[in-house]
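Dear colleague,

Please find below the structure that I am handing over to you. My notes on what was found in it follow directly after.

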Amino acid sequence: MKRLLTAAFLAAVGTGAQAEDVTLQLKWVTQAQFAGYYVAQAKGFYEEEGLNVTILPGGPDIAPTQVIAGGGADVIVEWMPAALAAREKGLPLVNIAQPFASSGMMLTCLKESGITTPADFADKTLGVWFFGNEYPFLSWMSQLGLATDGSAGGVTVLKQGFNVDPLLQKQAACISTMTYNEYWQVIDAGITEDQLVTFKYEDQGVATLEDGLYVLEDRLADPAFQETMVKFVRASMKGWKYAEANSDEAAMIVLENDQTGAQTENHQKRMMGEIAKLTAGSNGALDVAAAERTVASLLAGGSDPVITKAPEGAWTSMITDKALAN
Amino acid sequence: MSALWLAVGFWLAAWALNVLLAGSFLARTRAGRALVPLLFGVAVLVLWEGLVRGLNVAPVILPAPSVIAAKIGAELPVLWQDFAQTILKGAIPGFVIGAGAAFVTAIAIDRSPFLQRGLLPIGNFVAALPIVGLAPILVMWFGFDWQSKAAVVVVMVFFPILVNIVAGLQSSERMQRDLMATWGASYWQTLWKLRLPAAMPFIFNGLKIASTLALIGAIVAEFFGSPVYGMGFRISTEVGRLGLDMVWATIAVAALAGSVFYGLITLIERWVTFWHPSQRH
Amino acid sequence: MSRALPVLTVLAGIVVLWYAAAVWMNATWVYDQAERAGTSVAFRDMVAETMTQERPLLPPPHQVGAELWKGLFGQAVTSKRSLVYHAFVTFKGTMMGFGLGIAFGVLLAMAIVRFRAVDMSVMPWAVISQTIPIVALAPMIIVVSSQLGLTGRDVPKAIIAAYLSFFPVLVSMVKGLRSPDQMQLDLLKTYGAGEWATFLKLRLPASMPYFFASLKVAVAASLVGTIVGELPTGAIEGLGARMLIGSQFGEPLIMWAALFAAAILAGLLILVVGFVERLARRRMGVPG
């Protein structure tokens, strides 16, 4: 009922001058990956800034980019490759803050598959997430010179579901994992770390920027919206830093917000610990060098690049400059 | 804005024409019966096009039919590959295996009223269950390729078909069965000559229900892991890439495939059950 | 009693088969683990281990039962961890979709029976609409409805459920409203009854048995639609959402428990609809 009221309320004032309502669309289901926002809400950081923030969890069929295009959110959490690809499709997304300094994406392989270096990927089956998350993988493969269309000498790509079963069932030699989630599920399943070989995108020099905050370009021209976003980013980063420092408490806050009730304390506490490593060192401001590296990596896609030309104005420090100034 | 008004105008004109057609002698001809729904479909597409153009709906929200049609034309090989993977390898083998298994099971339990009484309520119950929930589990068991999709389809179609066959086999009348008995017909002769033909309307009813389930099952299962082609894969991936024109192109193919599949079963039904009152025109 | 015995026998057979399959399917993992650890396991130990795995390929019935029990009765029904709570969320979605589906199905059937043009134009498309896999449309429905200002996830869910459940109602109602024969229609004409009176006094009552017969199918379809709507569309609660989380975090027990909770819900819904149907039939004087 309460949510219904908020929704009705949002619909009623959404077009008016009262710009202090913010709707945030997450990239995936409620989990510690988004702890900063939930902490900022639970600890009243948003409230202190005079914001009324609604956090919408995502899911396998929800593309944050599509939600923001449809006006269903003011700001979204998205990975830079997907955001840049959407920008090329004519949806002018702009990065306003980058809470995640480093990438948590890895390829995790069973040692028994005989893989020791990326060169061994040839003729193996690799599990990859799609739905906008495949871009970093595709650009890495094309840099390695491995075809992904199933031809001989290339790699066979399988779209993995939402879990690590393809590796456990040996349907794939390697699967995509995040340092904060799936990797630990493999370990939980009883496979020890020395039975695994992992390739971090970060170490391979193909890392792309992950969870950042994106808004639509035309709305940024509005000073009132700018002001709201400054407050939002400031409060969110306060939430992130709190979550980093109080990782267990943050995990419990996330658990409080998980409406499926199916998440466990174990998973979330561990996830929060790993997430803290990725947000460490970011004050919210985008590292332009890292963004340019992301662009370069995406452009280097060989015959089938993820984006065809370097984007202009895909990020701005306008918001973080103000948010971090005081 | 004018595009919108044009479209609305076209819609009204088409509707008026349909009302005229439906009232005229043409409505009794085969051509008329095909023309009216066709005109209606075209009018809906035109209205859609007008809405999208007139209201400037962003293509990442809802692409116009013309854009989708262009996409279908441009991406035929990809669409064919997806179709082959999902329908030809996933849905149809699954449907055939499921229907075959249901048939064998129905015959196997036919001689045991005890088993029938036990299996029928359970079958009826399972037929009403949200079997789609099994999709992630079956993908885990049978791998990511078409085998797991076929498995989902088998499970989804098995019970509706089984229940209908069992009900159909019981539909011949006592008097008819007695007549066969007086002729000295064996169990198998009675089954073949009387009870199976009598069961056909029921069986086809089950097959029709199962045909739409088969498509849903094959597509949902692809959401939980698949190779990098297939209709479910295409839909979920292209939504993430904001390639909405491709999503709708795939939906169009799915609708077409579903209708053809359904139509095919209806045709076979007409041919097999020509004697049934519902087929007399 | 004579009706329960066969059902119980078949159920017992299923449970036995299930246990056998659980041992067979979960064994691979036990052997693999032993091999990785460099030990071997006796058959007895293997069987014992397949019964208690944390992430079994196929959990044996008692594990699912225990998880289901925990989910249903382990906490207050208002808790987010309670399956009762999530079943209620799904139930709400199902009822919204069911209601919407009935309303749409009945109204469309009325239009089809009354206007020949509607019949000829719409009926073939209604059949085709059911061959479109609704899951493919789910993301579209969410975005378009949020575009229209319906931000909650309840509405898209209900639309998906209604999409699946309207069709059986439509087909039965068309049949039912057309069921009065010419003689009955003529009789009403001789009474000087208008079209509306004929509808209220003859067609509508005549269609009721057909209507109620379609409800069982429609409610089951509506439940399937709701779960499909919850599964991939980031609905944050409900049985479908739990299945998704169970799948993502590799917790097969959560998935199986949610699946069985859905089965129980389906059973209850069908029982209730069947009861309403019998009640209605009795009131209208149909024997049985």
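**Chain A: helix, sheet and domains**

In chain A, H5(A) lies across strand E3 (75-78), E4 and E10, and runs at about 145 degrees to E4(A). Helices (H or I, at least four residues) and strands (E, at least two) are DSSP runs numbered from the N terminus. Axes are lines fitted to C-alpha atoms, for helices over the stretch in contact, and angles run from 0 to 180 degrees between N-to-C directions. Two residues are in contact if their C-beta atoms, placed from the backbone, lie within 7 Å.

The model is predicted: local features need pLDDT of at least 70 and side-chain atom pairs count only at pLDDT 80 or more, while totals for chains, interfaces and linings use all residues. Residues are numbered from 1 along each chain as its sequence is written, and chains are lettered from A and ligands numbered from 1 in the order in which they are written.

Five strands of chain A form an open sheet with mixed pairing, in the order E2-E1-E3-E10-E4; two strands pair if DSSP finds at least two bridges between them. Strand E2 (52-56) and strand E4 (93-97) of chain A stand at the edges with a single partner strand each, so one side of each has no neighbour in the sheet. From one strand to the next, the twist averages 30 degrees. E4(A) is joined to strand E10 (residues 212-216) of chain A by four bridges, and the two run antiparallel. A:Leu213 of E10(A) is the bridge partner of A:Ala97.

Chain A is divided into domain 1 (19-102 + 209-325) and domain 2 (105-200), with bounds that come from an automatic or database domain assignment. The C-alpha centres of these two domains of chain A lie 26 Å apart. Between them, 18 residues of domain 1 of chain A are in contact with 14 residues of domain 2 of chain A. On the domain 1 side, H5, helix H12 (265-279) and helix H13 (288-299) of chain A each supply at least two residues, and H12(A) provides the largest share, four residues.

**Contacts with chain B**

Where chain A meets chain B, 23 residues of chain A are in contact with 21 residues of chain B. E7(A) gives the most to the chain A side, with four residues. By class, that side has 11 nonpolar, eight polar and four charged residues; Ala, Val, Leu, Ile, Met, Phe, Trp, Tyr, Cys and Pro count as nonpolar, Asp, Glu, Lys and Arg as charged, and the others, Gly among them, as polar. E7(A) is also joined by three bridges to strand E1 (residues 225-227) of chain B, and these strands run antiparallel. Within E1(B), B:Ser226 is the bridge partner of A:Lys159.

Chain C touches chain B as well: 41 residues of chain C are in contact with 46 residues of chain B. H5(C) gives the largest share of the chain C side, 10 residues. That side divides into 32 nonpolar, seven polar and two charged residues.

**A helix pair in chain C**

Helix H4 (residues 83-114) and helix H11 (residues 252-283) of chain C pack at an angle of about 50 degrees, with their axes 10 Å apart. H4(C) and H11(C) are therefore oblique to each other (under 35 degrees counts as roughly parallel, over 145 as roughly antiparallel, 65 to 115 as roughly perpendicular and the rest as oblique). The contact of H4(C) with H11(C) has seven nonpolar, two polar and no charged residues.

With kind regards
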